[in-house]
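Colleague: I've got a model open and I'd like to learn how to read it. Can you take me through it feature by feature?

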Amino acid sequence: MSDNVENYKNMAVDDKIKKDYLRESFDKIGIQLSELQADQFFTYYELLIEKNRVMNLTAITDYEDVVQKHFVDSVLPWKNMDPLSGRLIDVGTGAGFPGIPLKIVFPNLKVVLLDSLNKRVCFLKDTINILKLSDIIAIHGRAEDAASDPAYREGFDYCVSRAVANLASLSEYCLPFVRRGGMFIAYKSADIEQECLEAKKAVFLLGGVTESVCKTSIPDTDIERSFVMIRKERGTPVRYPRKAGVPTRSPLK
């Protein structure tokens, strides 16, 4: 009995250390997490690791790495901005990045998580329920199809994506979701200049303009990041996005 009590105490201390690390990591980008938010992130990590044993959600599983490379990275573009509100869609969300961390940190956001793999969407739905998040849904579908749905087309203040695709292709998948005056934020690695140059015409054709490229690094790591901020100035022509697979195979030039 005493061994069980001691083990429980050790687990409680370990959990506290992990939550302190989580909160300190967000403090370094100017975001103070409440106790509820810290609990939600910690539970999210546990759900992620548990599900990752039976399906491929992430190659990053170490606690500190998940905190830095998934949780903090998801919120990094917003560290110097006012609290987010409005509608946001995360295209190709995978295990929920950056959409779920953004929802936890900015609870007034109304979030749609979009992914093409139904198994991941089921995980996201379970996670949303367990974390007791409101005004957030996960939907199964391809960006090319969802962007043609009147319920989603040009209906969002923000579109975000950490999906692996060149900026021209990613813009074709994402800009159709953004209302005029809204913003598409592409999460990219440090070296983005040539990719931005090659995507310039595509961004214009889709109704956008690259407003800025925010370069920064994840605290306590050597990982440099670029966040491409694309403002939606005009409506996206109805012919975009093209049919499934075409934007990836043949990016707009």
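Colleague: Let me start with a cysteine: is C122 buried, partly exposed or exposed?

Modeller: Buried means under 20% relative accessible area, exposed means over 50%, and partly exposed is in between, with a 1.4 Å probe and protein chains only. C122 comes out at 39% relative accessibility, so it counts as partly exposed. Before we go on, this is a predicted model: local features need pLDDT of at least 70, side-chain atom pairs count only at pLDDT 80 or more, and totals for chains, interfaces and linings use all residues. Residues are numbered from 1 along each chain as its sequence is written, and side-chain values use heavy atoms, with hydrogens and water left out.

Colleague: What is the mean pLDDT of the chain, then?

Modeller: pLDDT is the predictor's confidence in each residue, from 0 to 100. The chain has a mean of 91, and 94% of its residues reach 70 or more.

Colleague: Where is confidence lowest, and where is it highest?

Modeller: Helices (H or I, at least four residues) and strands (E, at least two) are DSSP runs, numbered from the N terminus. Confidence is lowest in helix α1 (residues 2-27), with a mean of 70, and highest in strand β3 (residues 136-140), at 98. Where pLDDT is low, the predicted coordinates should not be read in detail.

Colleague: Back to cysteines. How many disulfides does a search of the whole structure find?

Modeller: A disulfide is a pair of cysteine sulfur atoms within 2.5 Å. The search finds 0. Take C174: its closest cysteine sulfur is in C159, 3.7 Å away, which is too far for a bond. C174 has 0% relative accessibility, so it counts as buried.

Colleague: How do I read the sheet? What is the strand order?

Modeller: Two strands pair if DSSP finds at least two bridges between them. Here you have an open sheet of 7 strands with mixed pairing, in the order β3-β2-β1-β4-β5-β7-β6. β3 and β6 (208-217) are at the edges with a single partner strand each, so one side of each has no neighbour in the sheet. On average, neighbouring strands are turned by 20 degrees against each other, direction ignored.

Colleague: Which helices pack on the sheet?

Modeller: For angles, axes are lines fitted to C-alpha atoms, for helices over the stretch in contact, and the angle between N-to-C directions runs from 0 to 180 degrees. Helix α5 (residues 118-130) touches β2 (109-115) and β3, and its direction makes about 165 degrees with that of β3. Helix α8 (residues 193-205) touches β5, β6 and β7 (224-232), at about 155 degrees to the direction of β6.

Colleague: How do β4 and β5 run, parallel or antiparallel?

Modeller: Parallel: 5 bridges join β4 (residues 156-161) to β5 (residues 178-189). C159 stands opposite F184 in β5.

Colleague: And in which sense does β7 pair with β5 and β6?

Modeller: β5 and β7 are antiparallel over 7 bridges, with F227 in β7 as the partner of Y187. β6 and β7 are antiparallel too, over 9 bridges; T210 partners I230, and G208 partners K232. Their hairpin has 6 residues between the strands, and D220 there takes a positive phi near 65 degrees. As for cover, 7 of the 9 residues of β7 are buried.

Colleague: Let's zoom in on S74. What does its side chain reach?

Modeller: S74 is in helix α3 (residues 63-75), and its side chain reaches the backbone oxygen of H70 at 2.5 Å. With 0% relative accessibility, S74 counts as buried. Leaving aside neighbours within four places in sequence, S74 is in contact with F97, P98, P101, L102 and Y187.

Notes. A polar contact is a pair of N or O atoms within 3.5 Å; within protein, one must be able to donate a hydrogen and the other to accept it, and residues adjacent in sequence count only if both atoms are side-chain atoms. Contact means heavy atoms within 4.5 Å.
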